[in-house]
Amino acid sequence: MPSSDLPTLRIIKADQLPASCFEPVDPQAREQALAMIEDVKANKEDGLLKHAWRLGDLPSGDRKYTVTRDELRAAFEAAEPSLQGLLERVAARVRTFAEAQRASITTVSTEIEGGAAGQQVVPVSSAGCYAPGGRYPLPSSVIMTAVTARAAGVGRVVVSSPRPSPVTLAAAYVAGADLLLAVGGAHAVAALAYGLGDALAPVDLICGPGNKWVTAAKSIVSGFCGIDMLAGPSEVLVIADASADPQVVAADLLAQAEHDVEARPILVTPDAAVIASVNRALQSQLETLTTSEVAIPAVQKGFAVLVGDIAEAVRVSDRIAPEHLEIQTADAQAVGESCANYGGLFIGAHAAEVLGDYGAGPNHVLPTAGTGKYTGGLSVHTFLRQRTWMRIDDLVAAQRQGGGPGAAAG
């Protein structure tokens with residue numbers, strides 16, 4: 001297809017942002033996910049397998065849907081040494097960052113009138129880590145979720161990923177998973193949340209990105225078990241000015257667009273010439289992009305927002321609260337520090353978002369569809385509970401603080 005026939009980002013104003021930017025759960029997907037969840041809750045393994053067969057997770061009639069720790073080890077040992085080393089290096093970088101996060105919050109105690117009080121920081125007992133398995137294997141998602149859970153001290157880690165490739169299985173071993181469910185979608189979320197009787201115990205918390213049915217399912221089970229966030233189809237927003245390289249901006253937009261046809265690439269700039277040059281670069285790169293059949297529909301869903309100045313660009317970005325926010329401007333550090341709402345921030349032309357996706361250290365499981373306004377990305381803190389306690393040793397002193405017998409209690 002000639003580049004001139006390929007899509008470009010449509011241009012809108014700041015007051016024309018699509019409502020879909022702020023809808024973390026698709027209503028139709030929620031209705032469909034609820035039906036599947038109720039089936040698995042009622043029929044356990046049979047309900048799970050019915051949907052696994054229907055959706056192609058497993059060959060019809062195949063009842064083996066788990067991969068044991070020994071089988072994960074065998075997959076790792078069968079991998080090429082270069083791949084083994086790559087997985088171990090990425091896991092080490094993610095682990096190092098997660099352990100630094102873990103060290104930032106500690107068990108503490110302090111004296112109070114008549115006694116002492118404090119907090120204990122303890123992990124959940126078990127976690128289910130979801131890794132998408134659609135168009136491409138995503139071993140990085142396995143590592144990002146399971147390694148972080150282990151760094152938090154989680155005792156039992158179950159990975160769920162449909163149609164897992166050998167590299168996904170190897171990644172699950174490196175990440176420390178105890179078990180892998182070779183199913184995905186809302187039915188997998190239901191199995192993790194409610195268990196499958198003797199076949200699988202429920203987990204305390206479910207984390208990881210997924211499609212709109214996974215996101216809907218997580219919203220449904222939230223409360224019965226914990227969830228990390230509503231992390232749906234990927235999105236990237238680039239704030240750029242005339243100093244940005246349009247080829248770099250276009251490449252970073254396409255790096256997210258090729259994830260999924262539902263992904264959303266967004267450009268925000270005060271310069272109409274930047275939009276024009278980035279759109280030309282998008283067309284040129286799409287012409288040779290091997291994943292263009294996925295990226296093209298995503299570009300068609302994306303848009304460019306023409307604003308009055310960088311300050312307005314920041315306000316637009318804060319309204320959207322993008323999953324990935326890139327700053328490619330003359331004073332990128334200052335602009336980045338002025339932004340309030342996002343999942344992950346990538347400052348400057350050299351901080352390519354793909355570095356975060358594939359293992360620089362910070363987690364790539366990030367909030368989407370505006371949910372970054374009230375939550376952050378996956379971290380060890382996701383798996384930790386802060387339990388408070390108090391002890392009274394001197395009743396007289398404690399009564400002085402509280403106003404004595406009969407004082408109102410909060």
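Begin by selecting V238, which stands opposite L267 in β11. The model on the screen is a predicted one.

**The parallel sheet**

Now display the whole sheet around β10. Six strands form an open sheet here, ordered β1-β12-β11-β10-β13-β14, and the pairing is parallel. At its edges stand β1 (10–12) and β14 (344–347); each has a single partner strand, so one side of each is left without a neighbour in the sheet. Viewed along the strands, the twist averages 20° from one strand to the next.

Then select residues 310–320, helix α11, which lies across β10, β11, β12 (303–306) and β13. Its course, too, is at about 170° to β10.

**Helix α10**

Select residues 292–301 next. How many of the ten residues of helix α10 are buried? Seven are, so the helix is largely enclosed by the rest of the structure. The buried residues are S292, V294, A295, I296, P297, A298 and V299. To see what covers them, show α8 (246–257), β11 (264–269) and α9 (272–288), which are among the covering elements.

**The mixed sheet**

Move to the other sheet. Six strands in the order β2-β7-β6-β5-β8-β9 form an open sheet with mixed pairing. Its edge strands are β2 (66–68) and β9 (226–227), each of which pairs on one side only. Zoom in on β2: this strand and β7 (residues 179–181) pair in the antiparallel sense over three bridges. Within this part of the sheet, T68 is found opposite L179 in β7.

Helix α2, residues 69–78, lies across β2 and β7 and runs at about 75° to β2. Helix α4, residues 139–152, lies across β5 (126–130), β6 (156–160) and β8 (205–207), and it runs at about 170° to β6.

Select C129 and C207 and show their side chains. A search of the whole structure finds zero disulfides. C129 is accordingly in no disulfide, and the nearest cysteine sulfur, that of C207, is 3.8 Å away. The cut-off for a disulfide is a pair of cysteine sulfur atoms within 2.5 Å. Are these cysteines buried or exposed? C129 has a relative accessible area of 0% and is buried; C207, at 0% relative accessibility, likewise counts as buried.

**Helix α5**

Select residues 166–175 next. Nine of the ten residues of α5 are buried, so this helix is largely enclosed by the rest of the structure. The buried set consists of V167, T168, L169, A170, A171, A172, Y173, V174 and A175. Among the elements that cover these residues are β2, α2, α3 (81–102), α4 and β7.

**The aromatic pairs**

Finally, show the aromatic side chains; the structure holds two aromatic pairs. In one, the rings of F76 and Y173 have centres 5.4 Å apart and planes at 35°, so the pair is tilted. This pair links distant parts of the chain, with F76 in helix α2 and Y173 in helix α5, 97 residues apart. F76 counts as buried, at 9% relative accessibility.

In the other pair, the ring centres of Y194 and F224 are 4.5 Å apart and the planes are at 45°, so this pair is also tilted. Distant parts of the chain are linked here as well: Y194 belongs to helix α6 (residues 185–194), while F224 is in the loop between α7 (212–221) and β9, 30 residues apart.

K41 lies over the face of Y194, at 4.8 Å from the ring centre.

Conventions
Residues are numbered from 1 along each chain as its sequence is written. This is a predicted model: local features need pLDDT of at least 70, side-chain atom pairs count only at pLDDT 80 or more; totals for chains, interfaces and linings use all residues. Side-chain values use heavy atoms; hydrogens and water are left out. Two strands pair if DSSP finds at least two bridges between them. Helices (H or I, at least four residues) and strands (E, at least two) are DSSP runs, numbered from the N terminus. Contact means heavy atoms within 4.5 Å. Axes are lines fitted to C-alpha atoms, for helices over the stretch in contact, and angles run from 0 to 180 degrees between N-to-C directions. Rings of Phe, Tyr and Trp (its six-membered ring) pair if their centres lie within 6.5 Å; planes under 30 degrees apart count as stacked, over 60 as edge-to-face and the rest as tilted. Buried means under 20% relative accessible area, exposed over 50%, partly exposed in between (1.4 Å probe, protein chains only). A charge sits over a ring if NZ of Lys or CZ of Arg is within 6 Å of the ring centre and within 35 degrees of the ring normal.
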